Amino acid sequence: MEAIRNKVIAGSVNKILLAGLRKELDHSPSLVSAIKTSALANECLQGLEYSKHSLAITFILKAKISLADSQHDLSKTFDQIQQLFCTGDWSLVDEIPTEFVFLAEKFAEIAVQKHWCMKAVFPLQCAVDTFVKCPNEFTLLHVYFIQVCLTAKHYKRAKVLLENPIFSFSNTHSKPGKKKRRLAHELMRYFYYGARVYAGLKEYRKALHFCKLSMTVPATALNAVAVEAYKLFVIISLAEHGEVPKLPKYTPNVVQRYSQEQTYEGLVKAYKEKDIEEIKNYVSEHESEFAQDGTLGLVKQGIHAFVLRRIHRLTHTYLTFSLEDISKDSELVDTQEAEQLVLEMIEKDEIQASVNQLDGMVKFEESIEQNNNNSTLARLDCEIQHIDKLVHQLCIIDDSVAVSKEYVKKLTQRIGTVVHPGNAMSLDIMDTSF
C-alpha cells in the first residue's frame with residue numbers, strides 16, 4: 001500500500017510524473033490492482049490530505065469504485081468524494097478530465113440511488129465551478145448537476161446553470177468512437193432535466209423550449225429520453241396554450257412517428273373538444289398512466305389553466321358578467337369558486353377587473369399598462385444585451401466554420417474548385433446544410 005500511495009502522490013504534485021502515471025495506468029493497471037477491496041482502498045487513503053493530494057485521491061477513489069465490493073461501502077465513498085470536491089486542490093485538474101468526470105458521474109449515481117441528492121448539490125456545484133472553464137461550454141458535469149438538483153427539487157441552483165446558453169462542447173470525456181453517440185444522449189438528458197426544472201419553477205415557455213431541444217437532438221433510433229421529453233412537451237403545451245403546436249421540421253423521424261402515441265394523443269383530442277368535463281373524465285380514466293410517467297401534477301395544472309383561459313376569453317366579449325354566469329360557462333362548482341378564480345387572476349395581473357360582492361357582478365376593464373416604467377426599460381435593456389452577446393457568438397462560430405478543413409473540403413467537392421480556408425464565407429454559394 002505504501003508503494004502505491006507514494007507513486008500516486010508523486011504523480012499528483014508533478015505534471016511530468018503525472019503524465020507517466022497516466023500512461024502506466026492506461027497500459028498496465030497493475031498499479032491499482034493491489035487495491036482488491038474497499039478496505040484496502042480506505043487504508044491507502046489514510047494520511048492523504050484532500051487539499052494537497054487531490055489527484056492521488058482521485059485515482060484511488062476511481063479504483064475503489066471499480067471494485068466488486070464497492071456497493072457495500074457507498075456511504076463512506078460518497079463522503080470521500082464529497083470532501084474531495086469541496087476541499088480539493090484542482091490546479092492540475094485539466095490533466096485528469098476523464099477521472100474527474102468519472103467520479104462526478106458515480107457520485108451523482110450514488111446520490112440518486114440512496115436519496116442523498118440534497119447533500120450532493122453543493123459538492124457537484126463545486127465540481128462544476130472547478131472543471132467548467134467557459135460558462136457556454138457543455139460538459140458531462142452539467143448533466144449530473146442538473147439531475148441531482150432536479151431530484152432534490154433544488155430548482156433555483158439548477159436554473160443558474162441552465163440560463164447559460166450552450167455554444168460549444170467539451171471533447172475530453174469520451175473515447176473517439178463513442179463520442180458522438182454519448183454526446184447526443186447526454187444532451188438529450190440535459191435538456192430534458194432542464195425542461196423539468198423550468199416546469200417546477202412554472203416557467204413554462206422555457207420548459208417548452210428545452211423540451212424541443214431535447215426532442216430535436218439528431219437520432220436514428222427512439223430512446224426513453226426523447227419519449228419522456230415529448231410527453232412533457234404535450235402536457236406543458238396544453239397547460240400553457242391549450243393546444244399542441246406542430247413539431248419542428250428538423251425533429252427526427254422516430255420522434256415524429258411516436259407523436260401519435262395513444263394516451264397523450266387522446267388528451268390532445270379531448271382539449272380540442274373544449275369540454276372541461278370530457279377532459280376531466282379522460283384524465284380520470286388514465287390517471288394511473290399519467291402518475292406512472294410523473295406528469296399527473298402537470299396534467300391537473302393544465303385543467304386549472306384551461307378554466308382560467310375560458311374566464312379570460314370573457315373579457316374580450318363582455319364589460320360586465322355575473323359570477324353565476326362565469327360559474328356556468330366555465331363549468332365550476334359554484335359562484336364561490338368562480339369568485340376565487342377571478343380574484344386569483346386579478347392578483348396575478350392576468351385580467352383587469354373588479355368584483356362587486358353585493359350583487360355578484362364582475363366588471364372587466366381595459367389594461368392601463370403603458371410599458372413606460374423602469375421595469376419595462378430594464379427588461380428591454382437586458383434583451384438588447386442578450387441579443388448583442390448572441391450576435392458576437394454567431395460571428396465567432398461563423399469565423400470558425402470559415403477555416404474548418406472539413407467544411408472547406410465538402411464545399412470544394414460541391415463547387416468543383418479549390419477553396420482556401422478563410423475564403424469560404426465570401427462565396428455566395430455558401431451552404432451549411434450538409
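Modeller: Helices and strands are DSSP runs, numbered from the N terminus. In this predicted model, the secondary structure of the chain comes to 22 helices and five strands.

Colleague: What share of the residues in the chain is buried?

Modeller: Buried means under 20% relative accessible area. Of the 434 residues in the chain, 43% are buried. As for contacts with a separation of 6 or more, residues 24 or more positions apart account for 63% of them.

Colleague: Let us turn to one element. What span should helix 12 have, and how far apart are its end C-alpha atoms?

Modeller: Helix 12 comprises twelve residues, 204–215, and at 1.5 Å a residue it should span 16 Å. The expected span counts one less than the number of residues. The end C-alpha atoms of helix 12 are 16 Å apart, which agrees.

Colleague: Which residues of helix 12 are buried?

Modeller: The buried residues in helix 12 are Tyr204, Ala207, Leu208, Phe210, Cys211, Ser214 and Met215. Because they cover an arc of only 165° around the axis, they lie on the same side of helix 12.

Colleague: How is helix 12 oriented to helix 13, and at what angle do the axes cross?

Modeller: Angles over 145 degrees count as roughly antiparallel. The axes of helix 12 and helix 13 (residues 224–241) cross at roughly 150° and come within 9 Å. The two helices are therefore roughly antiparallel to each other, and helix 12 passes helix 13 in a left-handed crossing.

Colleague: Which residues meet between helix 12 and helix 13?

Modeller: From helix 12, the residues involved include Tyr204, Leu208, Cys211 and Met215. Those of helix 13 include Val225, Ala229, Phe233 and Ile236.

Note on methods. Residues are numbered from 1 along each chain as its sequence is written. This is a predicted model: local features need pLDDT of at least 70, side-chain atom pairs count only at pLDDT 80 or more; totals for chains, interfaces and linings use all residues. Side-chain values use heavy atoms; hydrogens and water are left out. Helices (H or I, at least four residues) and strands (E, at least two) are DSSP runs, numbered from the N terminus. Buried means under 20% relative accessible area, exposed over 50%, partly exposed in between (1.4 Å probe, protein chains only). The arc is that of the directions from the helix axis to the C-beta atoms. Axes are lines fitted to C-alpha atoms, for helices over the stretch in contact, and angles run from 0 to 180 degrees between N-to-C directions. Angles under 35 degrees count as roughly parallel, over 145 as roughly antiparallel, 65 to 115 as roughly perpendicular and the rest as oblique. A crossing is left-handed if the near helix is turned anticlockwise from the far one by less than a right angle, and right-handed if clockwise. Contact means heavy atoms within 4.5 Å.
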